[in-house]
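Here is my note on the model, point by point. Please read it with the coordinates open.

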Amino acid sequence: MPLALIALALGAFGIGLTEFVIMGLLPDVARDLGVSEAAAGWLISGYALGVVIGALGLTAATTKLPRKPVLLGLLVLFILGNLLTAIAPGYELAMVGRIIAALSHGAYFGIGSVVAASLVAPQKQAGAIAIMFTGLTAANVFGVPFGTFLGQEYGWRAPFWVISGIGVLAFAGIALLVHAPKSNTTQVSLRSELRAFRSGQVWLSLIVTVLAFGGMFGAFTYIAYTLTSVTGFASATVPWLLVLFGAGLVVGNWAGGRLADRSIDGTLIAFIAILTLVLVSFGLLASSQPAVVVILVLMGGFGFGTVPGLQSRIMRYAGGAPTLASGANIGAFNVGNALGAWAGGVGITAGLGYTSPIWVGASFTAVALIFMSVAAVAARRQTVRATEAAPQTLRSQDPSSMPVSAHPTPAPLTSQTP
């Protein structure tokens with residue numbers, strides 16, 4: 001395994017902490033900043049929308065720049081945003097800090113996915129992307145529970161100081177270990193990158209990403225409230241329950257990457273279908289502590305297990321210009337995150353209770369399953385048509401089917417490339 005993948009995973013670890021650590025601290029943030037539960041949740045939605053802007057805007061703006069300096073610049077932005085969040089005296093400045101940090105997120109994972117894929121053979125690209133995203137899953141297993149505990153003990157700002165320090169370490173790791181691939185010297189124009197969006201499969205992949213990830217995070221955003229107010233767990237146990245969710249993320253990310261290298265569409269359909277069943281079970285059994293413990297692991301596993309496949313799929317259909325499409329898919333993950341958090345907050349504000357985000361999530365993933373099935377069928381038909389057209393093309397090029405006068409003159413043997 002190339003050491004550069006570990007360096008990319010280290011950056012992903014820091015970014016994952018920034019995105020997820022606040023979920024276990026929403027009650028503390030709301031009390032300290034004097035805002036409602038839904039408004040505190042908007043710090044997650046605001047971050048997610050910042051990711052979308054960065055994923056498209058910064059990725060497009062840096063298309064012609066060397067990838068390593070771009071990754072380092074994104075980490076500087078990430079560090080500054082977290083420092084601003086840590087010192088923010090009020091809600092507005094905290095939101096600004098979250099958005100600044102978020103701008104680096106989408107571009108980092110979008111460009112990092114392309115770099116990770118370039119480091120390995122084509123048949124191992126989904127696995128390489130999964131290794132980079134291991135940093136994101138590790139943030140949930142180790143970082144988020146520790147950050148939640150740290151925030152409960154020393155105030156919600158403390159984790160963001162620690163995250164800033166991790167950003168510095170990630171910067172050093174990228175600087176020392178990541179070397180731009182030789183192919184990176186070939187510049188791809190923004191116009192070429194935009195051509196990828198002519199593909200219907202690219203758009204279908206983006207829709208599936210929004211809905212599938214939005215479904216998981218629609219249920220997960222307000223998980224601290226669900227676990228304490230519905231399931232009856234004590235607040236002190238929430239960090240340890242998040243460890244279980246994070247463990248599911250790690251296993252699902254690894255399994256999803258391995259299986260997607262064999263069949264991307266088959267893996268995605270299976271994982272999204274099972275995730276839908278898991279969320280429905282969560283909604284029905286949210287008051288049962290033993291059931292919720294198991295469901296948290298399954299929700300993390302089958303939810304995040306879709307990530308390597310979704311990222312590999314859009315890069316495959318983007319053809320020779322995958323960077324902007326890859327960044328757009330990272331943005332799509334966070335559009336889903338924002339929609340899930342917003343819709344879950346609407347349910348809570350409407351008085352539907354702390355299980356309403358779970359049912360929102362289940363509805364999102366059910367629709368995602370429909371779109372993914374449509375995309376898979378369309379892709380299979382395209383493959384069949386291409387296969388059927390190939391023999392006809394070969395026959396049309398067969399010298400025996402041409403008039404004698406139309407036969408091409410053979411090239412000299414010395415001109416052939418071995």
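**Surface patch and salt bridges**

1. Two helices, helix 1 (3-20) and helix 7 (158-177), each supply at least two residues of the nonpolar patch. This is a predicted model. The patch covers about 390 Å² of surface and is made by Leu3, Ile6, Leu176 and Leu177.

2. Isoleucine 6 counts as partly exposed because its relative accessibility is 42%.

3. How many salt bridges does the structure hold? There are 3. Each is taken in turn below.

4. Arginine 31 and aspartate 28 pair through their side chains, at 3.0 Å from N to O. Both sit in helix 2 (residues 26-33), 3 residues apart, so about one helical turn separates them. Arginine 31 is exposed, at 59% relative accessible area.

5. Aspartate 32 and arginine 157 form a salt bridge at 3.2 Å, N to O. This pair links distant parts of the chain, 125 residues apart: aspartate 32 is in helix 2, while arginine 157 is in the loop between helix 6 (125-154) and helix 7. Aspartate 32 is partly exposed at 45% relative accessibility. Arginine 157 is also partly exposed, with a relative accessible area of 23%; the cut-off for buried is under 20%.

6. Aspartate 265 meets arginine 313 in a salt bridge of 2.7 Å, N to O. Aspartate 265 belongs to helix 12 (residues 264-285) and arginine 313 to helix 14 (residues 307-317), so the pair ties together parts 48 residues apart in sequence. Are these two residues buried or exposed? Both aspartate 265 and arginine 313 are buried.

Technical notes: Residues are numbered from 1 along each chain as its sequence is written. This is a predicted model: local features need pLDDT of at least 70, side-chain atom pairs count only at pLDDT 80 or more; totals for chains, interfaces and linings use all residues. Side-chain values use heavy atoms; hydrogens and water are left out. Patches are made of residues with over 30% relative accessible area and no salt bridge: like charges are joined within 9 Å, nonpolar side chains (Val, Leu, Ile, Met, Phe, Trp, Tyr) within 5 Å. Accessible areas come from the Shrake-Rupley method with a 1.4 Å probe; for residues, only the protein chains shown count as cover. A salt bridge is a side-chain nitrogen of Lys or Arg within 4 Å of a carboxyl oxygen of Asp or Glu. Helices (H or I, at least four residues) and strands (E, at least two) are DSSP runs, numbered from the N terminus. Buried means under 20% relative accessible area, exposed over 50%, partly exposed in between (1.4 Å probe, protein chains only).
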